[in-house]
Protein chains: 4
Amino acid sequence: MSIVIKNTRSMLNKGLIGRLRRDCQVDWRQFTYHRFVKELALGTLPKEEFQQFLLQDYLYLLDFCRVEALAVFKSRSFEEMQYFSSVLHDLLNIELPLHISYCHEWGIQKDAIENIPKTLELLAYSQYLLSKAMQGDLLDLIVLLMPCVIGYGEVGLNIISDSATNMHNNPYQSWINMYSSEEYLGIMQKTMSFFEIISTKYGAEQRYQHLLEQFQTSVKLETLFWGVGQAICL
Amino acid sequence: MSIVIKNTRSMLNKGLIGRLRRDCQVDWRQFTYHRFVKELALGTLPKEEFQQFLLQDYLYLLDFCRVEALAVFKSRSFEEMQYFSSVLHDLLNIELPLHISYCHEWGIQKDAIENIPKTLELLAYSQYLLSKAMQGDLLDLIVLLMPCVIGYGEVGLNIISDSATNMHNNPYQSWINMYSSEEYLGIMQKTMSFFEIISTKYGAEQRYQHLLEQFQTSVKLETLFWGVGQAICL
Amino acid sequence: MSIVIKNTRSMLNKGLIGRLRRDCQVDWRQFTYHRFVKELALGTLPKEEFQQFLLQDYLYLLDFCRVEALAVFKSRSFEEMQYFSSVLHDLLNIELPLHISYCHEWGIQKDAIENIPKTLELLAYSQYLLSKAMQGDLLDLIVLLMPCVIGYGEVGLNIISDSATNMHNNPYQSWINMYSSEEYLGIMQKTMSFFEIISTKYGAEQRYQHLLEQFQTSVKLETLFWGVGQAICL
Amino acid sequence: MSIVIKNTRSMLNKGLIGRLRRDCQVDWRQFTYHRFVKELALGTLPKEEFQQFLLQDYLYLLDFCRVEALAVFKSRSFEEMQYFSSVLHDLLNIELPLHISYCHEWGIQKDAIENIPKTLELLAYSQYLLSKAMQGDLLDLIVLLMPCVIGYGEVGLNIISDSATNMHNNPYQSWINMYSSEEYLGIMQKTMSFFEIISTKYGAEQRYQHLLEQFQTSVKLETLFWGVGQAICL
C-alpha cells in the first residue's frame with residue numbers, strides 16, 4: 001500500500017471527519033458499498049445505466065460549482081476565498097471539460113449533454129446542497145460537501161484493494177483509476193485538512209449535532225444518487 | 001355555478017397565468033388529473049397513503065414559508081413586503097396549526113409530526129423552490145409558487161364539478177371542501193391578481209421562455225408530489 | 001424604579017448580551033451617550049435634524065424587516081420561524097404605520113416619505129446588516145440586530161433616569177416615552193431571552209470572537225446613525 | 001488615438017451601457033471628473049490620501065470578488081459560470097496580489113493591510129453591491145458592477161487624453177498607465193460585450209427604469225468612494 005493511500009485512510013478516521021463517518025456508519029456503509037459500486041468493480045454494470053449516471057453527474061457538478069461559489073461569498077478571509085475560488089476554477093476549467101470528454105468516449109452525443117432531463121435523485125441532492133448552503137454559514141456549507149469529496153475517493157480505494165475487483169478487462173477501469181489516483185487522493189487530503197481548520201475556526205464542537213444531521217442527509221442523498229442511472233426523468 | 005367559481009375559472013385562463021398553463025398543458029393535465037386526485041374524489045385512496053401525504057405536505061409547507069420569507073427580502077416596495085409578510089404570517093399562524101389539527105383527526109400522533117422522515121419527492125420540490133428563489137428575482141420566485149397555489153384550487157373545482165365524485169360518504173370530503181371553498185378561491189384570485197401586477201412590473205414578457213421553464217418544472221414536481229404517500233423515505 | 005425597568009437593567013448585564021456590551025464598552029458608551037441623545041433629552045435638538053433622522057430611520061426599518069425575513073428563511077425550527085415572522089409582521093403592520101403617523105405629526109408630508117434620498121450612514125448600516133445576514137447563519141444574523149433593539153431601550157431608560165432630562169416641555173417627549181415604555185421594555189426582554197436561547201443552540205461560546213466583531217461593527221454603525229440628521233444625502 | 005481606445009470610446013456610447021450613462025449624465029460627470037481624479041492627473045494628490053484610498057480599495061476589491069462569486073451562483077448556463085469564475089479567479093490571483101505589491105511600493109506595511117479600519121464610504125458601497133446582488137437576478141447584479149469596471153477605464157482614457165495632465169514626473173503615473181492600458185481596455189470591452197448579451201437574455205428593456213436606478217446609485221457611491229482617502233474610519 002502506497003504512502004498516499006495509507007495517509008488518506010488514516011485521515012479518514014481522524015478529527016471531525018472521522019467522528020462524522022463513525023456516527024453515521026450504517027449510512028456510510030450503504031453509501032460506500034452500494035450495488036452500483038460493486039457492479040462497477042466487477043465491470044457488470046449495464047452501459048446504459050452508466051451513461052445516464054454520467055449525465056446526471058454532469059448536472060450535479062454544475063450545481064456543486066454553484067455551492068463552491070457560495071463558499072467564496074461566505075468566506076471571511078482572503079485565504080478562504082482563494083481556496084474555494086481555486087476549487088471552483090478547477091472544476092469549471094478542468095473537471096467539467098474532462099467529464100464531457102469522458103461522456104463522448106462513452107458514446108454520449110453533444111446535444112444529449114445540452115438537454116439532459118432531470119431525475120428526482122439529482123434535484124433532491126443538488127438543490128438541498130444549494131438551499132442549505134444559503135441558510136447556514138461556511139461550516140454548514142462545507143460539511144454538506146464532504147460526503148461527495150471523500151466518499152468517491154474512499155470508494156476508489158475500496159475497489160482497488162478488493163481482490164474481487166475485475167482489474168483486467170473492466171470497462172469502468174478509467175473511472176476506478178481516476179478516483180483512486182494519487183492526484184485525487186491529494187485533493188481529498190487537502191480538502192480534509194482544510195475542513196479541520198474551518199471546523200475549529202467556526203466552532204464545530206458545540207454545533208456537532210446539527211452538523212451530523214446535515215452530513216447524514218448528504219450521505220443518504222449520495223447513496224440514492226448511485227441509483228440515478230435507473231431512475232425516471234422528470 | 002357560483003360567481004366566485006366562474007370568476008376563478010375565468011382568471012385561470014387570462015393573462016400570464018393563462019398563457020403559462022396553456023403552454024405546458026400536457027404537464028398541467030397530468031398534474032390536475034393525477035391518479036391521487038381521482039382516488040381522493042372517489043374516496044378510494046388508502047388511508048395510509050393519505051397520512052403520509054399529509055406529513056410530507058407539512059414539511060413542504062414549512063419550506064414554502066421560507067420561500068415567502070425570501071419574497072419579503074426580495075421585495076422592492078413596502079406594499080410587496082406587506083403582501084408576502086401577510087401570506088407568511090397566515091401560513092404560520094393559521095394554515096400550519098390547522099394542518100396539524102387535521103393530521104390529528106387522521107390519527108397522526110404529535111411525535112410523528114415532529115420526526116417526519118423525508119422523501120425524495122419532498123426534497124426535490126421544496127429545495128428546488130428555495131434555491132431557485134435565491135438565484136432569481138421576485139418574479140422568478142413567484143412564478144415557482146403559482147402551480148401550488150392555483151393548482152390545488154383548480155383540482156378542488158374539478159372535483160366538485162365532476163359527477164363521478166363521491167360526495168356522500170367520502171372520507172376526504174373535508175379536504176375537497178377546503179380547496180373548493182370560497183375562502184380558498186378568494187386567496188387564489190388575490191394571488192393571481194398580484195402575480196399579474198408583479199409580472200408587468202418585472203418585465204415578464206421579455207423573460208417568458210425562462211419563466212415557462214421554471215413554471216413547468218414546478219408543475220412536474222407538484223405532479224410527482226401527489227405520489228409522495230407511496231414514496232420511500234430517506 | 002419599576003420592576004420592569006429593574007429586570008431589564010439586570011438582563012442587560014447578564015449572559016452573552018452582557019458580555020458583548022462589556023467587551024466593547026467604549027463603543028457602547030459612545031453609542032448610548034451620543035450628542036444626539038443628549039440633545040434629545042434636553043429638548044434642544046433642532047427640529048430639522050430630527051425630521052431627517054425620522055426619514056432615514058424609516059428606510060432603515062424597511063431593511064430591518066428584510067433582515068427579519070432572512071431570519072425566517074434561516075430558521076431551523078417552526079418555533080424560530082414563528083418568532084421572527086411575528087416580529088416582521090408587527091414591524092410592517094404596527095411599527096411602520098405608527099412611524100409614518102409620527103412623521104406626519106412632525107410635519108413631514110406623504111410624498112417626502114415616498115422619495116427619501118439616502119445617506120451614507122443609512123446605506124452603510126442597513127446594507128451591512130443585510131449582507132452579513134446572508135453570509136452567516138441565524139446566530140450571526142441575530143447578533144447584528146441586538147445593538148439596535150436593546151440600545152434604543154437602554155437609551156430610553158438612561159434618559160428617564162437622568163435628572164438633567166427636560167421632562168416638562170420637551171418636544172421629543174413622545175419619542176422618549178416610547179423607548180422607555182413598559183411595552184418596549186417587554187419587547188427588549190423577550191428579544192434578550194430569545195437571543196440567549198439561540199446563542200446556546202448555535203454554539204456562541206466557541207464563536208465568540210467573531211460575534212463580538214460583528215456586534216461591535218453594528219454598534220459603531222448605530223453610533224454614526226445618530227448623526228444621520230446632519231448627514232449629506234446621496 | 002489607437003484603435004483600442006477608439007473602439008472602447010465607441011462602445012461606451014452604444015447599447016444599454018450608452019443609454020445608462022446618458023440617462024444619468026450629471027452623476028456620471030461628477031464621478032468621472034471628480035476632484036480626486038483631477039489631482040491624480042496633476043500629480044498633486046496628497047500621498048496620505050492616496051495611501052488610504054489604496055487600502056479602502058483593497059477591502060472594496062475583496063467584496064467585489066464576493067459579488068462575482070454570487071454571479072457564478074446566479075448564472076444559468078455553463079458559459080456564464082465560466083465567465084464570472086474566470087473574472088473571480090483573476091481578481092484573487094492577479095489583481096489582488098498586484099494591489100498588495102502596489103501598496104508596498106507606496107510604503108504601506110503588511111500589517112496595515114491586515115487591519116484596515118473601514119470607512120462609511122467603503123461599507124455603504126460594498127455592502128450595497130452585496131445585498132442588491134442577492135436580492136435580484138444576474139442582470140440586476142451585473143448592472144451594479146458596470147460603473148466600477150467601465151468608470152475606471154473611462155477615467156484612465158480621460159486623463160491620458162487631457163493636455164492638462166502631468167505626464168512627466170507624476171507620482172501616480174503607474175496608476176494612470178494601468179487604467180488606460182490596452183490590457184485594461186480589453187477587459188472593459190469584454191465586460192461591455194458580455195453585459196449587452198446578458199441584457200438581452202434577461203429582458204433589460206422592460207426592466208430599464210429599475211436598472212437605471214440601481215446603476216445611478218452605484219455611480220453615486222463610486223463618486224463618494226473617490227473621497228475615501230479623506231474619510232473618517234469607523
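Mentor: First, a word on records: UniProt positions are given here in the numbering used for this structure, feature names are shortened, and annotations may be inferred rather than shown by experiment. In that record, an unreviewed entry, "domain: Thiaminase-2/PQQC" covers residues 28–226 of chain A. This is a predicted model, where local features need pLDDT of at least 70, side-chain atom pairs count only at pLDDT 80 or more, and totals for chains, interfaces and linings use all residues. Residues are numbered from 1 along each chain as its sequence is written, chains are lettered from A and ligands numbered from 1 in the order in which they are written, and side-chain values use heavy atoms, leaving out hydrogens and water.

Now the meeting place. Chain C and chain A each put 17 residues into the contact, meaning heavy atoms within 4.5 Å. Of the interface residues of chain C, 100% are also interface residues in chain A, so the copies meet through the same surface. About 1,400 Å² is buried between them, with carbon and sulfur atoms giving 48%; that is accessible area (1.4 Å probe) lost on putting the two parts together, summed over both. On the chain C side, R76(C), Q135(C) and Q206(C) lose the most area to chain A, together 41% of what that side buries.

Look for charges too: the rule finds two salt bridges across this interface, each a side-chain nitrogen of Lys or Arg within 4 Å of a carboxyl oxygen of Asp or Glu. R207(A) and D137(C) meet in a salt bridge, at 3.8 Å from N to O.
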